[in-house]
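Dear colleague,

I am passing on the structure that we discussed, and my notes follow it. Please read them with the model open beside you.

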Number of protein chains: 2
Amino acid sequence: MPEIDDLIDRYIAAWNETDEARRRDLVARTFAPEAHYIDPMMQATGLAEIAAMIRAVQQRFPDHRFRRIGKSDAHNDRARFSWELASEGGPVLAGGTDFAVVADGRFRAVTGFLDRLPATQP
Amino acid sequence: MPEIDDLIDRYIAAWNETDEARRRDLVARTFAPEAHYIDPMMQATGLAEIAAMIRAVQQRFPDHRFRRIGKSDAHNDRARFSWELASEGGPVLAGGTDFAVVADGRFRAVTGFLDRLPATQP
């Protein structure tokens with residue numbers, strides 16, 4: 001499913017984008033305006049809250065980047081995919097699996113679960 | 001989280017209950033009245049449709065039972081857990097991971113994904 005993979009790539013790119021304007025743009029092209037994100041540590045509703053949440057995570061884990069692992073799995077308007085957070089060339093800090101509901105080519109809801117807990121807290 | 005594990009156990013029991021009245025009762029104690037279920041092969045909305053969907057699966061895979069595998073993982077009002085479908089003492093026919101939204105102690109929405117595809121079609 002190339003479309004869902006493009007959407008997931010955009011989602012990961014948004015989590016990695018430290019430029020404010022480019023991140024806002026990626027978030028707007030990834031999430032529906034009223035989208036909701038929730039995981040064990042945080043949640044956000046709407047594009048502004050989601051962009052701010054991503055910035056907070058970047059500030060907490062500087063020099064780390066998210067990357068997709070494995071294949072995406074999608075059916076109907078649902079998708080799941082896994083990711084890792086790691087420093088460049090360094091060990092994996094955390095990993096998880098996200099479940100998304102898609103509407104009109106964007107995420108309407110994302111629920112994140114942790115598969116590997118953050119090993120160290122910077 | 002004992003409450004979520006009880007709920008998941010009830011859910012698995014409903015999938016395995018072939019007595020019509022007992023299955024309806026289990027479904028009513030597992031799902032909210034307006035609950036929605038969706039996986040790659042089927043979907044259902046509301047208790048009657050969900051109970052009928054389960055019966056159809058039982059008829060398609062007679063002498064097979066669902067069982068939980070691994071640990072459940074829950075946060076906020078979300079949960080994920082995995083299962084297998086197998087005949088007694090026989091090989092695993094299929095396996096999957098379900099993602100649920102909980103409200104008032106029952107599933108309001110369940111999205112199923114397949115981790116192991118049905119190996120044989122009876």
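What volume does the largest pocket have? The largest pocket has a volume of about 450 Å³, where a pocket is, on a 1 Å grid over the protein atoms alone, an open set of points where a 1.4 Å probe fits, with protein on both sides within 12 Å along at least five of seven lines, and a volume is the space filled by probe spheres set on the points, which are joined across faces, edges and corners.

Before going further, please note that this is a predicted model, in which local features need pLDDT of at least 70 and side-chain atom pairs count only at pLDDT 80 or more, while totals for chains, interfaces and linings use all residues. Residues are numbered from 1 along each chain as its sequence is written, chains are lettered from A and ligands numbered from 1 in the order in which they are written, and side-chain values use heavy atoms, with hydrogens and water left out.

At least two lining residues come from each of strands E4 (78–87), E5 (92–103) and E6 (106–116) of chain A and from each of strands E4 (78–87), E5 (92–103) and E6 (106–116) of chain B; strands are DSSP runs of E with at least two residues, and helices are runs of H or I with at least four, numbered from the N terminus. By class, the lining has 14 nonpolar, three polar and four charged residues, with Ala, Val, Leu, Ile, Met, Phe, Trp, Tyr, Cys and Pro counted as nonpolar, Asp, Glu, Lys and Arg as charged, and the others, Gly among them, as polar.

Turning to the helices, H1 (residues 2–16) and H2 (residues 20–30) of chain A have axes that come within 9 Å and cross at roughly 150 degrees (axes are lines fitted to C-alpha atoms over the stretch in contact, and angles run from 0 to 180 degrees between N-to-C directions). That makes H1(A) roughly antiparallel to H2(A), a term for angles over 145 degrees. The contact (heavy atoms within 4.5 Å) is made by A:Leu7, A:Arg10, A:Tyr11, A:Ala13 and A:Ala14 of H1(A) and by A:Arg23, A:Leu26, A:Val27, A:Arg29 and A:Thr30 of H2(A), and its residues divide into six nonpolar, one polar and three charged.

In chain B, H2(B) and H3 (residues 47–60) pack at an angle of about 130 degrees, with their axes 10 Å apart.

With best wishes

Terms used: 1 Å grid on protein atoms, 1.4 Å probe; cavity = no way out; pocket = protein on both sides within 12 Å on 5 of 7 lines; lining within 4 Å. Parallel < 35°, antiparallel > 145°, perpendicular 65-115°, else oblique.
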